Amino acid sequence: MTRRVLLIEDEPHIAEAIRYLLVRDGWAVASHGEGRSALEVIRREAPDVVVLDVILPGRSGYEILEELRADPDLTSLPVLVLSARGQSSDRALAEGAGASRFIAKPFANAEILAALRQMAGA
Amino acid sequence: MARSALTGTRVRERRLRIGMKQADLARAVAISPAYLNLIEHNRRRVGPELLTALSEALGVEETTLAEGAESALFEGLREAAAGSASGTPEAAAELDRIEEFVGRFPGWAGLLADRQARIGTLERTVEALSERMAHDPFLSASLHEVVSAVTSVRSTAAILAESEDIAPDWRERFHRNIFADSIRLSDAAAALVAYLDASQESETGLSSPQEEVEAWLARTHYHLAGLERAHPTPAESLVSGVADLASGAARKLALAHIARYRADALALPLEPFLRALAEDGPDPAALARRTGVGLAAVFRRLATLPEGAGPPVGLVICDASGTLTFRRPAPGFTLPRHGAACPLWPLYEALARPTVPIRAPVEMAGRVPVRFLTYAYSEPRHPGGFDGPQVVEALMLILPASGARTGAERPIGSSCRICPRGACVARREPSILAESG
């Protein structure tokens, strides 16, 4: 069965590169570039995994993540947080908000692929 | 071995420096040369009377012989030991022999203490820079631009380098992306370099007396409890020995702030003001009406309440040139660290319309726009009397917005350089950020 990932990233060129990688790896990719309506899109798309940027227009990734974890239907949804700030305090912040994995930008493509495969149980 | 035991070493060093024979010194202080020899090798302690005699004979202060110039050296070595990661019992034993170490290897001891002092300076610089990184909106936005562009370039370039079977249209698209991101990266880097060059930062990372004062006020949460009492803490005591107020200019600014704070506290005593705040809410006009005190003082009072006693407010004050002279940030309301702020701030509207109170909801631009309610007001003063110039000061109080977005919010930013509002009619220079509508 095709694994589905929802990519929430507002930087179009980063989103394009990740989308290309994932499609080539056999994933069905949906993407969204804004924070305010991100939760609605997550509920609508019902992905297997979410890739979530932290700094988004309208709403931060952490706010989205906290609300997502408060929803019983989404509490166990695997979420990979991408952040331009990679210090240990940022990692702790992401984990505190409910991130399943945390990867700092800039990242290696192989790192993203390996993390998502592992999160989706592939 | 006590530190005073090294008095003998100092006696010997001083005697040799001035070319005095041991026998001559012994005679001058009425002791035997053999006893002086024991003293000079730290095998006999020097009593107070003998110390006086030795200091007179050698032409130095008693304290120089008793304590020497090594006080700082000892402190430096103790700091080095305290800073050691080992913390082992062996290190503690070595610390007990610090005086012996200094006595036997003064050169190495001095070198070690110098290195420790240098480490301390560098650590303070790193701390100041880290603080700056966390709170400087321009730096933060610039670095985010750089990281985003680098991420895109790295990921896309890796796809191109590692994929042999990439379709021509994708290859072309990725080339375009890399080209665009390389331009973005070079623009962001150039802006960053220009900014860092312009900041003329000192080694401490705090570039101006105003920033020193702001660091001090931030540490006090802008509330100076000592000034709220009937018998206030003396102003000098509040600024004396404060690490943040390193320069004389900063202490002078801090004293001016304290004088104004005290005047406001006398005009609006804390307890009655808090009661009025509880009844009227943070409406400056209502508080000014009830207390009979001017709006400017009410603004300042609202920004200096004890932590948690009122809503989270921000306050900015500027002079007639528009230069920000006081900055208390409100959460989410980004204040520029250097240079001019957004010309659309109600603060500047108030500056152009002295004594006219302005109430304006605003929306601060950003990846996550945040709404605020602002109150702005300016008042002219004539401190030089009829023949002196008019001095105008404008203030803007920044409160969190309540209720839903109405659409009447004035779109504002922090400063043009980090504002993404591309279509802004008041823009005075290009932004380093990708533009939004």
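Trainee: Is the crossing of H1(A) and H10(B) left-handed or right-handed?

Mentor: The crossing of H1(A) and H10(B) is left-handed, a word used when the near helix is turned anticlockwise from the far one by less than a right angle, clockwise being right-handed. This is a predicted model, in which local features need pLDDT of at least 70 and side-chain atom pairs count only at pLDDT 80 or more, while totals for chains, interfaces and linings use all residues. Residues are numbered from 1 along each chain as its sequence is written, with chains lettered from A and ligands numbered from 1 in the order in which they are written.

Trainee: What is the angle between H1(A) and H10(B), and how far apart are their axes?

Mentor: H1(A) and H10(B), residues 137-162, pack at about 30° with axes 9 Å apart. (Axes are lines fitted to C-alpha atoms, for helices over the stretch in contact, and angles run from 0 to 180 degrees between N-to-C directions.) The pair therefore counts as roughly parallel, the name for angles under 35 degrees.

Trainee: Which residues of H1(A) make the contact?

Mentor: A:His13, A:Ile14, A:Ala17, A:Ile18, A:Tyr20 and A:Leu21 do, and they meet residues of H10(B) including B:Ser148 and B:Ile159. Contact asks for C-beta atoms, placed from the backbone, within 7 Å.

Trainee: How many residues does each chain give to the contact between the chains?

Mentor: Chain A gives 20 residues and chain B gives 16. On the side of chain A, H1 (residues 12-24) gives the most, with 7 residues. Helices here are DSSP runs of H or I with at least four residues, strands are runs of E with at least two, and both are numbered from the N terminus.

Trainee: Is B:Ile18 buried or exposed, and how do you know?

Mentor: B:Ile18 has 11 C-beta neighbours inside 10 Å, so it counts as exposed. The cut-offs are 12 or fewer for exposed, 20 or more for buried, and partly exposed in between. B:Ile18 sits in the loop between H1 and H2 (22-28) of chain B. By contrast, B:Val11 is one of the buried residues of H1(B).

Trainee: Why is one side of S2 and of S6 in chain B left without a neighbour in the sheet?

Mentor: The open sheet of 6 strands runs S2-S1-S5-S4-S3-S6 in chain B, with mixed pairing. Strands S2 (324-328) and S6 (410-412) stand at its edges, each with a single partner strand, so one side of each has no neighbour in the sheet.

Trainee: What makes S4(B) and S5(B) a pair?

Mentor: S4 (residues 370-381) and S5 (residues 391-400) of chain B share 10 bridges in the antiparallel sense, and pairing asks for at least two DSSP bridges. Across this pair, B:Leu373 stands opposite B:Leu399.

Conventions: Contact = placed C-beta atoms within 7 Å. Parallel < 35°, antiparallel > 145°, perpendicular 65-115°, else oblique.
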